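Please open the structure in your viewer and keep the selection panel at hand.

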Amino acid sequence: MFSQCGLVSLLDTMPAASTGTVLVNDHLNYWGGRRVKPTDEKNAEPVFEPATGRVLCQMVPCGAEEVDQAIKSAHTAYLKWSKMAGMERARIMLEAARIIRERRDNIAKLEVINNGKSITEAQVDIDIAWQCIEYYAGMAGQHIQLPGGAFAYTRREPLGVCVGIGAWNYPFQIAAWKSAPALACGNAMVFKPSPMTPVTAVILAEIYKEAGVPEGLFNVVQGGAETGTLLCHHPMVAKVSFTGSVPTGKKIMEMSAKGVKPVTLELGGKSPLIIFKDCEMENAVRGALMANYLSQGEVCCNGTRVFVQREIMPQFLEEVVKRTKAIRVGDPLLKDTLMGALISKPHLEKVLGFVAQAKKEGARVLCGGEPFTPSDPKLKGGYFMSPCVLDNCRDDMTCVKEEIFGPVMSVLPFDTEEEVLQRANNTTFGLASGVFTRDIGRAHRVAENLQAGTCFINNYNISPVEVPFGGYKMSGFGRENGQVTIEYYSQLKTVVVEMGDVDSLF
């Protein structure tokens with residue numbers, strides 16, 4: 001099954017598509033309101049379908065000239081968009097949200113083919129994307145009355161052309177999370193997806209255009225580190241928002257600093273999930289599964305260090321292992337599949353390497369942690385593994401200290417609240433955390449003392465667009481989602497108006 005060229009033909013093929021049948025031949029760059037053919041295809045890189053290992057399409061990195069074209073196109077659109085009334089911008093964004101909602105199942109299917117996660121999860125991701133765009137469709141300033149009839153007001157003004165750099169685990173959703181607040185504030189955006197998942201961000205660009213944004217307002221450039229460097233250094237870029245690893249985040253920050261550009265960094269995590277003996281056990285087990293196995297464990301905020309109070313450890317392990325073994329791994333486009341394929345063969349090998357290292361350091365594999373070959377012959381080249389529970393873990397083990405980014409849960413015993421808080425915070429990361437307990441006082445006390453940007457109480461991995469998301473420590477800074485994000489995509493101007501005479505000292 002081949003896509004032709006453009007939004008309608010590509011998405012219209014999705015209802016009949018199945019795993020292993022899609023080839024994408026469309027151009028994946030987008031600026032000036034249209035898909036753009038790469039100028040030089042000699043550096044093309046294959047993009048694989050994770051469930052089969054087949055080549056899905058070719059990703060051609062953008063060079064300096066192409067990046068310049070995309071940014072200049074965005075700047076032209078910004079000059080028009082930033083002068084439009086807030087209500088007019090809101091109306092267009094609401095229309096974009098409506099189109100995404102209408103095409104949700106087809107977009108989700110294409111996301112699965114490129115990313116490998118289950119169709120059930122991908123549909124939720126697309127829902128979150130349109131909800132995010134809907135949420136940011138308006139903003140306001142503040143009026144302050146001063147003595148003597150004078151007054152002051154503040155204006156939230158756009159920054160200009162913003163750059164968004166996305167990750168491969170939530171390709172379409174991250175493009176929406178970054179573009180929605182940027183556009184709501186009157187900015188334009190040039191977005192660079194991960195080179196491993198280049199397919200769906202360009203569909204968001206086409207939807208924005210269809211909804212009525214000025215041509216060039218949301219552009220897509222493909223590429224890896226070199227293209228990202230060109231974006232960060234470009235003098236017409238006003239801000240950079242990045243989702244990805246800590247080492248790359250540091251480089252983005254360093255490059256942006258040369259132009260004194262503000263950055264938002266949403267980086268890695270090794271989040272603690274603390275389960276006290278007074279928890280509701282069924283919910284704690286469900287929470288641990290949600291904290292570790294969503295998107296094959298390829299989630300930055302996952303609660304992969306599961307601290308369980310010693311008295312309930314045997315009961316917890318028995319139940320969590322039973323549930324983990326029951327997770328159906330296979331064709332991500334089938335509704336009864338609960339876990340799809342990891343993003344790439346090298347990543348699968350890296351995750352399996354963490355399990356091997358854990359065994360070497362003394363951890364006990366209670367289930368999973370092995371390559372998995374589904375029964376369907378077309379999936380034999382896919383990047384699947386069985387979800388894994390590790391017992392007998394210590395705080396100094398590699399599997400407990402480093403982000404694995406795969407379906408591997410490390411379980412550790414603890415005795416007291418004071419002890420587990422110290423251990424939970426003993427990490428360079430600080431993205432998320434969780435606690436299960438029936439004691440409401442303890443729940444809030446633990447949440448206060450955990451050094452993380454989010455703390456889930458009696459649940460895990462719930463991220464509505466209305467609440468901010470972001471990290472402490474080396475998990476980054478700035479926030480995505482929630483009203484506060486407006487502050488990261490705008491600059492504040494104070495205007496003071498004197499209605500009487502100037503009271504001068506001179």
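By class, 18 nonpolar, eight polar and seven charged residues make up the lining of the second largest pocket. Here Ala, Val, Leu, Ile, Met, Phe, Trp, Tyr, Cys and Pro count as nonpolar, Asp, Glu, Lys and Arg as charged, and the others, Gly among them, as polar. The model is predicted: local features need pLDDT of at least 70 and side-chain atom pairs count only at pLDDT 80 or more, while totals for chains, interfaces and linings use all residues. Residues are numbered from 1 along each chain as its sequence is written, and side-chain values use heavy atoms, with hydrogens and water left out.

**First stop: the second largest pocket**

Select E121, Y170, M290, L294 and N461, which lie nearest the centre of this pocket among its 33 lining residues. Its volume is about 800 Å³. A pocket is an open set of points on a 1 Å grid over the protein atoms alone, with protein on both sides within 12 Å along at least five of seven lines; a cavity is a set where a 1.4 Å probe fits but cannot get out, and lining residues have an atom within 4 Å of a point. Grid points are joined across faces, edges and corners, and a volume is the space filled by probe spheres set on the points.

Next, colour domain 1 (10-267 + 482-492) and domain 2 (272-457): both give residues to the lining, so the second largest pocket lies between them. These bounds come from an automatic or database domain assignment. Helix α5 supplies the largest share of this lining, five residues.

**Second stop: I133**

Stay on α5 (residues 119-135) and select I133. Helices (H or I, at least four residues) and strands (E, at least two) are DSSP runs, numbered from the N terminus. I133 is buried, with a relative accessible area of 0%; buried means under 20%, exposed over 50%, and partly exposed in between (1.4 Å probe, protein chains only). Leaving aside residues up to four places away in sequence, I133 touches M93, A97, I100, A176, A180, L204 and Y208, where contact means heavy atoms within 4.5 Å.

Select W168, F242, G244, S245 and T248, the nearest to the centre of the largest pocket among its 38 lining residues. This pocket has a volume of about 960 Å³. Helix α9 (246-257) gives the most to its lining, with six residues.

**Last stop: the largest cavity**

Finally, select P272, F429, G430, A432 and Q451, the closest to the centre of the largest cavity among its 16 lining residues. The volume of this cavity is about 60 Å³.
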